[in-house]
Amino acid sequence: MIQIIRTDSANEDFIQLVKFLDTDLAEKDGDEHAFYAQFNKVDAIKHVVVAYAGEVAVGCGAIKHFEPGTMEVKRMFVDPVYRGKGIASRILSELEGWASELSYTRCILETGTRQQEAIRLYSKSNYIQIPNYGQYAGVQNSLCFEKLVK
């Protein structure tokens, strides 16, 4: 049984999962990892979720204010051992619900072209590809998505 809790970026399980995420992304991104890493700091994120299988932290995600009405989804990760069980979809749904509760109407996110699992997750979760925003504008290996939440 998977349980999802709401917390913040000081949560030790979240910090550990983000370390696993960064290791995974460093392998996939190669030389471009440093560019992306600068936009993925986790200090002082107020809206974090962690998924647990029993006592084991198996996945995480976060949202942070981007602009009025818009939250940006950040730091999505599920331990490879637990993938394919719908955990990432549950994490994403929890983040969207939280954004809506906070009166945000839109979630946006960026993922890399090499993150095929992420692209499939966002597409199946009704995210629509948009032009690359902010620091990702003009970055060839970035894909940006949005979803309206209510």
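Close-up 1. E67 is partly exposed, at a relative accessible area of 32%, where partly exposed covers the range between buried, under 20% relative accessible area, and exposed, over 50% (1.4 Å probe, protein chains only). This is a predicted model in which local features need pLDDT of at least 70 and side-chain atom pairs count only at pLDDT 80 or more, whereas totals for chains, interfaces and linings use all residues. Residues are numbered from 1 along each chain as its sequence is written, and side-chain values use heavy atoms, with hydrogens and water left out. E67 forms a salt bridge with R106, with 3.1 Å between the closest N and O atoms; a salt bridge here is a side-chain nitrogen of Lys or Arg within 4 Å of a carboxyl oxygen of Asp or Glu. The pair links distant parts of the chain, E67 in strand β3 (residues 56–67) and R106 in strand β5 (residues 106–112), 39 residues apart; strands (E, at least two residues) and helices (H or I, at least four) are DSSP runs numbered from the N terminus.

**Close-up 2. R106 and its salt bridge with E146.** The side chains of R106 and E146 meet in a salt bridge at 2.8 Å, N to O. Because R106 lies in strand β5 and E146 in strand β7 (residues 142–148), the pair ties together parts that are 40 residues apart in sequence. E146 is partly exposed, with a relative accessible area of 22%.

**Close-up 3. The network of R6, E94 and E101.** Salt bridges link R6, E94 and E101 in a network. Within it, the side chains of R6 and E101 meet at 2.9 Å, N to O. R6 belongs to strand β1 (residues 2–7) and E101 to helix α3 (residues 87–101), 95 residues apart. R6 counts as partly exposed at 35% relative accessibility, while E101, at 55%, counts as exposed.
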